[in-house]
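Dear colleague,

I am passing a structure on to you, and my notes on its salt bridges and nonpolar cores follow below it. Please read them with the model open beside you.

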Amino acid sequence: MIASMSLAPKHDAPVAEKFAYFLSQLQEVQSSGDGYKACCPAHPDDRASLSVQIGEKGIVATCHAGCTFPQICHAVNVTASWMFERSTSASTKSASTERETGSWIYTDESGNPLFRTVRIEDGTVGENGKPKKTFRQQAADGKGGWKNSVKNTRVVPYRLAHVFLNLFNDPVLIVEGEKHCDRLAELGFIATCNAGGAAAGNSKNKWRPEHSECLRGSDVIILPDNDKPGREHAQNVAKSLEGIAASVKICILPGLPEKGDVIDWLDTGGTKEELQRLLDAAVSVEEAFPEEPSSRKSSSDGRTEIQITPDEHIVVDETLNALMADDNLYKRNGQLFHVVREMDDVCEDGIRRSMGTPRIHAVSAGHLRERMTQRCYFYKQADDSRIHCSPPASLVNGIHTRGFWPQLRNLAGVTEIPVLRPDGSILTTPGWDESTGLLYVPNGELPQLKENPTHADAVQARDLLLDVVADFPFASPAHQSAWLAGLLTVLARRAFNGPAPMFLIDANIRGSGKSLLTDVISLITTSRSMPRFSNPESEEESRKRITSLALAGDPLILIDNINSSLGSASLDAVLTSTSWKDRRLGGNEIVEMPMKAIWFGTGNNVILAGDMSRRICHIRLDSLEENPEERSGFRHPKLLAHVREHRMELLAAGLTLLRAFIVAGSPSADLKPWGSFEGWSDLIRNCVVWCGMDDPGGTRKELAEASDRDAGALRMLFDGWADIDPKGEGLSALEMTTLLDFFKRRRDYVNSGMEFSAADRLIEKEQRELESVKTALCELCGVPELTAKDARKLGNQLRRFKGRVIGDQRLECRSHGRNKVNKWQVKQIDAVCTVSAVSVPCRQKILKEGEEEITESKKRDTGNENNKRPKTHTAHASHTAFRSTDDNCPMCGFDTDQPGEPCLGCRENDN
C-alpha cells in the first residue's frame, strides 16, 4: 500500500518538502482542483477516497470513507504534528499521536469474523498514571479488512465459537472486557463478555437480548468488577438471562480493591484452583445483591426503578414513594414546597431579606421534574430491553397538581433555633419535627438546658435578657415587659393556639433605638435582621405583601419607620387569624397559607387607624435627650456585637424562662382578658408577670387613648354634638356638611373686609365654637375641608361607627321621612332622650338677640343690592353667602339642600 519507504523530512522542514514526501507515500495519486486525490493508506481502497492539499497551517488529508486524520498519518509513518508547520512559539505543544494498541475479534459460532474492538492510545497519561485509551468497533468488510461502521452487524458475545463448542460441558463465565476472557481462557475456563463493558451512569444497558440468546440452556456464573457499575451490570445480565440460561449465579471475588477485577485478583496471587473453589461456591443473584425491602434500585446509581406504563395511578404512587426519600420536598396547604436560602441581601415584592434567610419556596413543575429524576430511574420496556427515558409531562403535571400527597411531610414552617412545643417540651433535634411540622435547621450550638428549671433560674434568665436592653429609655416598666414578651413570643409561637399581637415600638423622637430593639430580638432568634418593608400606602399593596410573606413562611416581619397612620383592613385581618387567603401574585388562583409570623413595627408617635389599638402590644421609648443618637456612657457600647457574641446564652435564657414557667404549672396571674389573643395571653403575659415583671398588656389603654385617631375624633364630635343638634332631632350627613359649608362661606365673606352686621358677627362667633365639630368630621373623612359634596363620604364613615360608645354616650342612626334619610344622633346610654344642649347660643337665639341690629343693618344697606337681605325672614345658618342661580329656595332665594323646597333655615323659622 505504501509506495516508498524513504526517510521522512524533519519536523521543522518546509511544508512543501513534507507535502512532496507525503504524496510519495500514497498510491494512484492524481491532481484534483487545488490538491490531489489518492488511495487512502489507512484502509483497503480502490476508489481513491483520500483528498490531500496544503492548507493555512500545513497538510490537510481527508478520507471520505471515514478514516481519521491520526489513522492516515500512522499509515504513512508520520505524526499528526509532523503534518503541520512547526510553530516558533514556546507555548505550542505538539499534538499526540493516536495508535492502535490492541484488537479483539468477535466471530460467529463457526469462527467467521463479524466485528472487532480496537483499543486506541494517544500517548497521554491519565490521573491514575495509566495511558489514556479509547475503544472503537469496526465491522468486517468481507474482503479481509475492516470498516468503521458496525451498523446492521450481528451482535454476539466475545469468543462465541469457543463458548459454543463447550456450551453444555462447563459453566460459562461472564466478565467485563475481552482481556479478562482471554486470561481466563488461558487457565482453561470458558469465558465471554459483551463489547463495550459495563454501562456507566445512566447509559443504555450494553448486554443485549441477542447476547443472552447465544447462551440459551447453559449454566452461567457472573464475575462482577468491584464497583457500582460492575455490580449493576451483573444484575442486568442476570435479569436478561432469566428463563434463558439453565442457571445464573454470582461469584464475588474476595479481597478486591475498589474498581478491582478478576485480572487484579489473579495478579495478586489468585490461582486456578482457588478460583474454581470460589466458582463452585457461587450464590444466587438475590444472595449476592439483596434488595432493599422498600424499593427496587436502578442499574446505575441507586435510584428507584419506575417503568412507564399506561397505568398512571400506579406510576404516580411509585414515584411518590420514591420522593419520600427527598429531604427537601414538603406539602403545605395543597401545594408542594422546598426550603431555599437567600444567596444575597435581596428586596422582593418590597420586602427586604438578609443573606442566608431561609424561605419556603413553591416547587414549579419544571423543578419537580428535576427532583423526580434525582430519585427515580424512569424507563420503558422494549421487548427484552429497557430504554431509559424522561418522566412524561402527564406524570409530572399529575403529581404537581394532585393537591394531596400522603407520602410527603407537611411543612408548618422553618426555625433555626430550638422552640417551645405545645406539650411544653423544647425542640432540639435537627430536621423535620413531626409534632410541630417545623423544619429545624440549627445555626448555632445551644448550651445544655436544665430539664426542670426553677423560679430562681427563671429570674436569673430574665435578668440576663433585660441586661441587654438596660440602656434603652423605656417609658415605663410595662413597656420593658412588652419587649420581653416580644422575644418570648418568637420562642413560643408554636406552643399556643391562636394569633399573637403586633409589637409596636415607637418613640417621642428619632434616634431613640426603635429599630435596634427589633434587631436585638432578631439577632438572638435568627442571627440576622428581620425581613422588613415600609408601611404600605394602599390596601392592595398591603394585601400583596402579606400574601408574599405568607407564601415564604417568614417567622418575623417588621414594618419599619412608620410615618403615616398604621392600620388597614388586611393588616387587621392577618393580626387576628392564623391563616391567610388571597389571590396568588401574578395569577387568579386563590391560595390559603398558614400565617403564624410575629409582626413588629417601628415609628415615631405612631397614629393607629381603625381598630388597630387592640391588636397592639405597645413598647414605648421616651427619651429626654434632644439628640438621643449622641448619647454615650452605655453599659454595652457595641450592643449588636455583644448580642452576637453571647447569642446562644441569651437564647438559652429565653428558653429557660419559658420552660421554668411550664414546669411550675403555668400559674395564672388573673390578668385582664385580651380579646382575640387568649392563647398568647395565657402563656406569654402570665409568664412575664410570673417572673416578677409588670403586665405587658398594661400599655394598651394609654396607646389607645394617644394613638386611636378615630376614637379621638369621635370624642370631639360627641362633645360638640349639642352645638349642631340642640333639639336632639338628629341630622343627616347632608345637613351636617351644608351647615359647615355655610360657615366656611360666611368666613370667606367676613374676611373679604366688607362691612357686616351684628347677626354676621354672632354667626361668626357660633362658627368659632363649632370649629371642634368641623375638625372632628374632617378627621373622620380624611379631608382638610368638608363641603356639601362630601355628604355621601361622611355618611359612609359614620356608618362604620354606628353604635360606637365613647364615655357614657352612643352614636345612633334612624331613618326619617319618606326617603328614609339617615338621621344621626348622640344619646346618653341610660336615657331615651337626646343629649341636652350646652350653653352655646343656638342659631335662633343669636338671631333673636341681634334682631334690632339686623333692622338697623337693613336700613344702612338700603340701595346696596349686593348686601340686601330678603324681606320674608332673617338670615339663618343654612344660607350660603352668595346667591346661586340653581336650586334656590322659593322663599328666600338662597341655596337649598332640596331642589324646589324651602331651605333648612326657612323650614326651621316656619316651625
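Is Glu451 buried or exposed? Glu451 has a relative accessible area of 58% and is therefore exposed, where exposed means over 50% relative accessible area, buried means under 20%, and partly exposed is anything in between, with a 1.4 Å probe and protein chains only.

Before the rest, a word on the source: this is a predicted model, in which local features need pLDDT of at least 70 and side-chain atom pairs count only at pLDDT 80 or more, while totals for chains, interfaces and linings use all residues. Residues are numbered from 1 along each chain as its sequence is written, and side-chain values use heavy atoms, with hydrogens and water left out.

On salt bridges (a side-chain nitrogen of Lys or Arg within 4 Å of a carboxyl oxygen of Asp or Glu), the structure holds 29. One of them joins the side chains of Arg659 and Glu451, at 3.6 Å from N to O. Because Arg659 lies in helix H19 (residues 647-663) and Glu451 in the loop between E24 and helix H13 (455-468), this pair ties together parts that are 208 residues apart in sequence; helices (H or I, at least four residues) and strands (E, at least two) are DSSP runs, numbered from the N terminus. Arg659, at 14% relative accessibility, counts as buried.

Another salt bridge brings together the side chains of Asp519 and Arg532, at 3.1 Å from N to O. Here Asp519 sits in helix H15 (residues 514-526) and Arg532 in strand E26 (residues 532-534), 13 residues apart, and both Asp519 and Arg532 are buried.

Turning to the nonpolar cores (sets of buried Ala, Val, Leu, Ile, Met, Phe, Trp, Tyr and Cys residues joined through side-chain atoms within 4.5 Å), the largest has 66 residues, of which Trp483, Leu517, Phe600, Trp680 and Ile684 touch the most other members. Helix H19 supplies the largest share of this core, 10 residues. If its neighbours within four places in sequence are left aside, Ile684 is in contact (heavy atoms within 4.5 Å) with Ala485, Leu488, Thr489, Ala492, Phe496 and Leu658. There is also a second, separate core of 33 residues, which includes Phe337, Leu551, Val574 and Met595.

With best regards
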